[in-house]
Amino acid sequence: MSVENLELQVAELDMRLEEMERHNRSWVLFFIQYLLSPLLVAGLAAGLNLYYQGKLEDQRKLLEEQRNEISQYELVNKMLPQLVHSSTKVAEATRLVLEHVINDAKLRNELNKVFQQNVLAQTMSELADAAPEQREKILRDTYRIVPQLEPELNQYEEALRLETQGFDALVAGEVDAAIMAFEQLEQVYPQFHNTAEVVTLLRDNRARWDNPQVRQEVYRKVVEGLSWKAPQPQIEALRRRLQ
C-alpha cells in the first residue's frame, strides 16, 4: 500500500471518529460499526470463497471418479466376449487383465463369477462330448486354472460315468445293473439329463423284461424320447436293436 493511500485511510478514520464524537457514540459502537464491520465483510467473503472452492474441488473429484468408473465399465464391455471365450486359457488371460485394471471390488467379484460360470459350462460340455479316458485330462487342466470348481466338476464327472455305466448295461440287456447305475446317478446328481424318466421306465418294465417285445418297446422309448445328452455310442447301439 502506498503512503498516499495510507494517509487517505487515516484521514477517513479521523473524520469518522469526529462524527461519532459529535453524536456522542461510544468507542465500542464506533469499533463495531466502522472498524469491525469491514473486517467481518472481508472475512465472510474470504470464507465463502474458500467454501465454494472446496465445493468445486469436491465436484471435480466426484466427476473424475465417475469418469474412471465409466471408463472401467466401457473396458469390461469391450473385453466381456473374451472373458466368456470358449477357450479357457483366453478367458483366464482376460480375467487376469481385468483383475489388475478394475478398481471396484464388487465389479471384480461379479466378473470372477461370470468367468467361473463360463469355465464350468465349457468344461461340462467338453466332458459330455469326450471319451471316458479323456475326461481326467480335461478336469486336471481346468483345476489348474479354477480350483474352486473341483467339487462340482467331480460330481458331474461321476454322474457321466454312472450314466455311461447304466446305458452300457441297458445295451447288454442287463436291466438290474442298469437300474442300479441310474439309481446311484440320481443320488450323486439329481435330475441329471433324463435319468429319472429312464429309471422309472426300467422299473415299470422290470417284471416283463424277459419278453422281447417289452425290451424293444423300452429301447424305442429311450431312443426316441429319453436320449437327450445321453452317450451317443450307446444310443446308436440301442437304435440298431430296433432295426
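Which residue caps the N-terminal end of α4? Asp104 does, with a side-chain oxygen 2.9 Å from the backbone nitrogen of Lys106. Such a polar contact is a pair of N or O atoms within 3.5 Å; within protein, one must be able to donate a hydrogen and the other to accept it, and residues adjacent in sequence count only if both atoms are side-chain atoms.

The model is predicted: local features need pLDDT of at least 70, side-chain atom pairs count only at pLDDT 80 or more, and totals for chains, interfaces and linings use all residues. Residues are numbered from 1 along each chain as its sequence is written, and side-chain values use heavy atoms, with hydrogens and water left out.

The protein chain has 10 helices and 0 strands. Both kinds of element are DSSP runs numbered from the N terminus (helices: H or I, at least four residues; strands: E, at least two). Buried residues account for 30% of the 243 residues in the protein chain. Buried means under 20% relative accessible area, exposed over 50%, and partly exposed in between (1.4 Å probe, protein chains only). Of the contacts between residues at least 6 apart in sequence, 50% join residues at least 24 apart. A contact requires heavy atoms within 4.5 Å.

Helix α4 covers residues 105-129. Its 25 residues should span 36 Å at 1.5 Å a residue, and the end C-alpha atoms are 36 Å apart, which agrees. The expected span is 1.5 Å times one less than the number of residues. Buried residues of α4 include Leu107, Leu111, Phe115, Asn118 and Thr123. An α-helix has 3.6 residues a turn, so residues three or four places apart point the same way.

Helices α5 (residues 132-145) and α6 (residues 150-171) pack at about 170°, with axes 11 Å apart. Axes are lines fitted to C-alpha atoms, for helices over the stretch in contact, and angles run from 0 to 180 degrees between N-to-C directions. The pair is therefore roughly antiparallel, a label for angles over 145 degrees. From α5, the contact uses Arg135, Leu139, Thr142 and Tyr143. From α6, the residues include Leu153, Glu157, Leu160 and Thr164. By class, the contact has 4 nonpolar, 3 polar and 4 charged residues. Ala, Val, Leu, Ile, Met, Phe, Trp, Tyr, Cys and Pro count as nonpolar; Asp, Glu, Lys and Arg as charged; the others, Gly among them, as polar.

His193, not a glycine, has a positive phi of about 50°. His193 lies between α7 (175-188) and α8 (195-204) and counts as buried at 14% relative accessibility. Lys229 has a positive phi near 60°, in the loop between α9 (212-225) and α10 (232-241).

Key: Parallel < 35°, antiparallel > 145°, perpendicular 65-115°, else oblique.
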